[in-house]
Amino acid sequence: MGKVVLVTGVARQLGGRFVRRVQRDPGVDRVVAVDAVVPDHELGDAEFVRADIRQSALARILAEYAVDTVVHLDVSGKALGAGGRTAIKETNVIGTMQLLGACQKSPTVQRLVVKSSTSVYGSAPRDPAVFTETTPPKSLPSGGFAKDAVEVEGYVRGFARRRPDVAVCVLRFANILGPHPDSPLADYLSLPVLPTVFGYDPRLQFVHEDDVIDVLGIAASEPRRGTLNSGTFNIAGDGVLLLSQCSRRLGKPTVPVLLPAVTWVGSALRTIGMTDFSPEQIRLLTHGRVVSTVQMRETLGFRPGFTTAETFAEFARSRGPGLLPPETVGRAVDRLAALPLPGGAGPRERGAGAVQKTHGAR
């Protein structure tokens, strides 16, 4: 008999795509798709079970279908529909606790894959240039999705200690982009004008939706010869982009805002429902974040098909033309970057998030 795979968060585009993808695996006999919301996309031959992972029904589902592989994708920074921040946190944290409790009691579960985020490293002025999987954050995230991800990973580590017989894989994804993104950062980049933190030009990494699906497939399968798919892995495309480069390629003007006023701008944007401009996202847009992907390549054996720049290009094409030609935006950004700061600081001498040259930027 082939594997029985249970996937959570299937009402989202990413979850739906993975469900359709994993069904093509010849070693998979059945796919059980779980979500509290009925998806508006096709799930192929998967058996959809409408269930809220915050409830206790998961143990019954695992037992009824004799599930041996669990892929937990219902960890997100955005709510489906009209759900607010409270609903997101409950699903991310309480839902994960319920799922892990059900897996702990299940004698059939052999493999667990959890979608996490590089946001667990936080963003701080004294951060290292590159985070590895074992680098402790200088400042733990204090709220938002980043804090949820930290708590989720803590519960997963506890589960791994209690069930050492279960192969556990945690995938820390960089910002996921592509033609159909579903994240607060994608909402921010979709604004007609991008508010930025004055004096900072953060480094950003992206991972393409297609690569996310591919690496989830690797994590949910038996390890290939010479690789290991148990553990924690950073997942990102090669290279980095500066936020100023992103604005140019989108053809969108930026509005530099002094750091004390950024929180007010974020509150205003949340009020009109345009984007989630949480404090953690503000820190990312101030200090940036770059992670090492050596373990992804050498241990997990995964090589993304898209670089960070190629991923962003796909996203930019899906958004359509910006307000201004990219060349015009580029010249304006260059002129702003060359201006000296008050107090005599020269161009680009603007703190940890500002860099003049970034290796790997494309």
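I take contact to mean heavy atoms within 4.5 Å. The model I am reading is predicted.

**Entry 1: overall make-up**

The protein has 362 residues, and 52% of them count as buried. For the accessible surface I noted about 16,000 Å², with 54% of that area belonging to carbon and sulfur atoms. I then turned to sequence separation: among contacts with a separation of 6 or more, 79% are between residues 24 or more positions apart.

**Entry 2: V22**

I located V22 in helix α1, which covers residues 13-22. Is V22 buried or exposed? Its relative accessibility is 4%, and the cut-off for buried is under 20%, so V22 counts as buried. I listed its contacts, leaving aside neighbours within four places in sequence, and got V5, V28 and V31. I also checked V22 against S221: the two are 199 residues apart along the chain, and their C-alpha atoms are separated by 9.5 Å.

**Entry 3: F18 and the largest nonpolar core**

I went on to the largest nonpolar core, which has 32 residues. Which residues have the most contacts inside it? I recorded V7, F18, V71, L171, F173, L216 and I235. The elements that each supply at least two residues of this core are β1 (3-8), α1, β2 (28-35), β6 (167-173), α6 (209-219) and β11 (231-235). The largest share, six residues, comes from α6.

I then looked at F18 by itself. Beyond its neighbours within four places in sequence, F18 is in contact with V7, V71, L73, I213, L216, G217 and A220. As background, nonpolar side chains in soluble globular proteins tend to be buried together.

**Entry 4: helices α3 and α4**

I compared helix α3 (residues 85-105) with helix α4 (residues 144-162); their axes come within 10 Å and cross at roughly 5 degrees. Angles under 35 degrees count as roughly parallel, and α3 and α4 are therefore roughly parallel to each other.

I also wrote down who meets whom. On the α3 side the residues are R85, I88, K89, N92, V93, T96, M97, L100, C103 and Q104. On the α4 side they are G144, F145, D148, E151, V152, Y155, V156, F159 and R162. How many of the residues in this contact are nonpolar, polar and charged? I get ten nonpolar, four polar and five charged.

Note on methods: Residues are numbered from 1 along each chain as its sequence is written. This is a predicted model: local features need pLDDT of at least 70, side-chain atom pairs count only at pLDDT 80 or more; totals for chains, interfaces and linings use all residues. Side-chain values use heavy atoms; hydrogens and water are left out. Helices (H or I, at least four residues) and strands (E, at least two) are DSSP runs, numbered from the N terminus. Buried means under 20% relative accessible area, exposed over 50%, partly exposed in between (1.4 Å probe, protein chains only). Axes are lines fitted to C-alpha atoms, for helices over the stretch in contact, and angles run from 0 to 180 degrees between N-to-C directions. Angles under 35 degrees count as roughly parallel, over 145 as roughly antiparallel, 65 to 115 as roughly perpendicular and the rest as oblique. Ala, Val, Leu, Ile, Met, Phe, Trp, Tyr, Cys and Pro count as nonpolar, Asp, Glu, Lys and Arg as charged, and the others, Gly among them, as polar. Accessible areas come from the Shrake-Rupley method with a 1.4 Å probe; for residues, only the protein chains shown count as cover. A nonpolar core is a set of buried Ala, Val, Leu, Ile, Met, Phe, Trp, Tyr and Cys residues joined through side-chain atoms within 4.5 Å.
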